[in-house]
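Here is a friendly walk through one protein model, feature by feature. Please keep the structure open as you read.

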Amino acid sequence: MYCEVYILDVPYHLDRPFDYICSDRVAVGDIVRVPFGKADKLRLGLVTAIKQTVEAANLKPVHSLLDGRLRLTEQMCGLCLFLKEHTLCTVGEAVKCILPPGALTDKLNESVRRTCVLAINSAEAEALLTLPGRRGIRSEGQKSIIKYLLGIGSADYELVRSLPGVSYAHISALRERGVISVTESENIRNPYASYALVRDTSEIVLSPAQNEAYSTVMELYSADAPKCALLHGVTGSGKTKIILKAIDKCIEDKKTVIMMVPEISLTPQTVGIFCKRYGERVAVIHSSLSAGERTDAWRRIRRGDVDLVIGTRSAVFAPLENIGMIVIDEEHEHTYKSESDPKYHAREVASYICGKTNALLLLASATPSIESYYKAKNGIYTLISLRERYGGVKLPDAIIVDMREELRLGNTSPISQRLVESLTEVSENEEQAILFLNRRGYNSQISCKSCGDVVTCPRCTVSLTYHTDPSGGKMLCHLCGYTSPVPRSCESCGGTELSFLGYGTQKVESELSQYLSDMRVMRMDADTTSGKLAYDRMLEDFRASRADILLGTQMVAKGHDFPKVSLVGVVLADTSLFVSDFRASEKTFSLLTQVIGRAGRALKNGRAVIQTFAPKNEIIRLACLQDYEKFYEGEIALRRELLYPPFCDMATLTVTGEDEVAVLRDAKTLSDALVGKINADGGKNPFMVFGPFEAGVYRVNEKYRMRMVVKCRLNRATRAMLAELLREISRSSRDTSVSIDLNPMTVS
């Protein structure tokens, strides 16, 4: 017998199937070790086909199987090849997405729990403690173990080892005498196990509008064919209730569900809701879990112990059988698109899986992506709308504050007088507030007053951000992590007068402590949530009213439901509005709409204070009105006129390397090769090519980046042409690397 094997760790131009001789133990989906190359070095590979005959001679045999439990199903193998074709990754990169982290080296990263058990009865144990000489136990350490186990019968191995005066030798000696035994059992690491201790079996009561939406969802679910629906509802309209009731139906029908959320910070709230309802048959997958915890979740899913998987983008690869529905909450979020290979979008992967399993793909958002809403308006997706908040709760009243006027009145603080007054009212009413600023750190940059030079990162073409800390502060690069002390003088001219410009969450936190010293502030950004499950603890503390103000970056802006929050403040609404990205307006509108929607979600009237230097901007005005339809009409007209998605597809081609000359040379080579292929195509597929030009950030972590942007229509022929281009460049380029991102979230 023979098999086709994709080697898992090879450059793109070698990513093709190789034939090997195999035994009948080898099956499609197996991870095998095979000799590869002239030196016959053992490499891991994925078996994608079994054949009875081959044309080639002198084939090498498969060396061994890695681990039978890692065998990919037919659907998983198909998904690997789908990712290879649609994201231009290698099969090895796809396999690493599908398998749990470390699986290809650590054999599933298993954890075993060892338990010490008393192997004799109580009378015999008491006798050993009292009998003289060799018949009894003389070691005090061994006696301590017996006495401890007499009371409870068994205990964790490490707990017994930690008893005073006890060593591993004492445990081994008692095992040899048959006094105790040590058993081993599977240890499932699940940090969310406690969430299932409190169960919620209450009936879900829907409003008439929700019930109508649910009926449409059920009609699509029951079609026994792949379907996609876009559940578009204003913030607070009760989309989660509809999703819960739909999941109830799936599980009742013995089907499984994937529920995706865009941010790790949303996971604890979502897990809390769903674990209370579905108990231990819920698994959680996201990047903040340890490799062992993710492995154990994968194992539980694979063996059928799970009905519902909750997680961020990688949860779409959960090895569930009999999938009935995949839900993507906040489907517009950019975090669903991977920025590393494979550069997949979770929505496209979910669509592929639903197509293969006849499942329903349910997208949900108050601010859908322009592409998804366009498909819904044109009948490709089924559009389901919820136009009012659940329970008659009103949308927040939004007030726009002109920060230019604040400056004219002498207020140089990032907090306007109106925001201070609103926060004071929150304090007086014993309510809570959320403040949003999508910048971390204290000051955005430090510049010299004499020559104007800005303190920049030596590895990247960006300014360093000033961060405070107990040691007195530091300069930090948010791209590569480079740190340096705060300068005392300018490196360029030696000037000692330095300006600290701009502000981030640390600065706002400091200002709040001065203006509102009686209010407790909790800052939530990348600096305060680096610890494991830090998101969970902070959100639980805020929900328990251990803080009055939750201040943070975009992790506080969406999806959360805090009943006591009556005020939302946007410290600076302009941060994402004027960047060179065709999605800038969409991202700004979405972010502002989402954060404004966090206010007034119970029976309290919500308010939002939006601070901006562009108070008449139409995007900000429409976000304050929560008018998505009006925003969409303007945005879709602009994209049609300028030919941007959804009226075309886009691809970015990036050349990266440490040698700037080589990067510039290979960018020119890439450009010539691309233009040559387009000309050879004879105009069958339309292309518009821009560049090569320097990337928005030219150097990152000592690597230069040149970029090309292509507008095209992605079909099989176009992807094949780009794949051929990537193979050729991969084969010839030595000093640089080339990557292609299809329909990226940003093209700057």
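## Helix H4 and its packing

The buried residues of H4 pack against strand S6 (112-118) and helix H5 (140-152). Helices and strands here are DSSP runs numbered from the N terminus, with at least four residues of H or I for a helix and at least two of E for a strand. This is a predicted model, in which local features need pLDDT of at least 70 and side-chain atom pairs count only at pLDDT 80 or more, while totals for chains, interfaces and linings use all residues. Residues are numbered from 1 along each chain as its sequence is written, and side-chain values use heavy atoms, with hydrogens and water left out.

Which residues of H4 (residues 122-130) are buried? They are Ala 125, Leu 128 and Leu 129; buried means under 20% relative accessible area, exposed means over 50%, and partly exposed lies in between (1.4 Å probe, protein chains only). These residues sit on the same side of H4 because they cover an arc of only 100° around the axis, the arc being that of the directions from the helix axis to the C-beta atoms. Ala 123 and Thr 130 are exposed, on the face turned away from the buried side. At the start of the helix, the backbone nitrogen of Ala 123 has a side-chain oxygen of Asn 121 within 3.2 Å.

## Nonpolar cores

A nonpolar core is a set of buried Ala, Val, Leu, Ile, Met, Phe, Trp, Tyr and Cys residues joined through side-chain atoms within 4.5 Å. The largest one has 93 residues, and Ile 31, Met 260 and Ile 326 have the most contacts inside it. Contact means heavy atoms within 4.5 Å. Leaving aside neighbours within four places in sequence, Ile 326 is in contact with Ile 258, Met 260, Ala 350, Ile 353, Cys 354, Leu 360, Leu 361 and Leu 362. Another core, of 38 residues, lies apart from it; Tyr 195, Val 271, Leu 360 and Ile 384 are among its members.

## Helix H13

Helix H13 (residues 370-377) has Ile 370, Glu 371, Ser 372, Tyr 373 and Ala 376 as its buried residues. Just after H13, Gly 379 takes a positive phi of about 85°.

## Strand pairings

Two strands pair if DSSP finds at least two bridges between them. An open sheet of three strands runs in the order S19-S20-S21, with antiparallel pairing. Its edge strands, S19 (465-467) and S21 (483-484), each pair on one side only. Three bridges join S19 to S20 (residues 474-476), and Met 475 in S20 is the bridge partner of Tyr 466.

Further along, S28 (residues 687-700) and S29 (residues 703-712) pair in the antiparallel sense over eight bridges. Val 689 has Val 710 in S29 as its bridge partner. The hairpin of these strands has two residues between them, and Asn 701 there takes a positive phi near 50°.

## Two loop residues

Thr 529 belongs to the loop between strand S23 (521-524) and helix H17 (534-543). Is Thr 529 buried or exposed? Thr 529 is buried, with a relative accessible area of 6%. A polar atom of its side chain lies 2.7 Å from the backbone oxygen of Asp 525.

Gly 178 is in the loop between helix H7 (168-176) and strand S8 (180-186). Gly 178 is partly exposed, with a relative accessible area of 34%. Not counting residues up to four places away in sequence, Gly 178 touches Ala 119 and Ile 120.

Technical notes
Polar contact = N/O pair within 3.5 Å; in protein donor to acceptor, adjacent residues only side chain to side chain.
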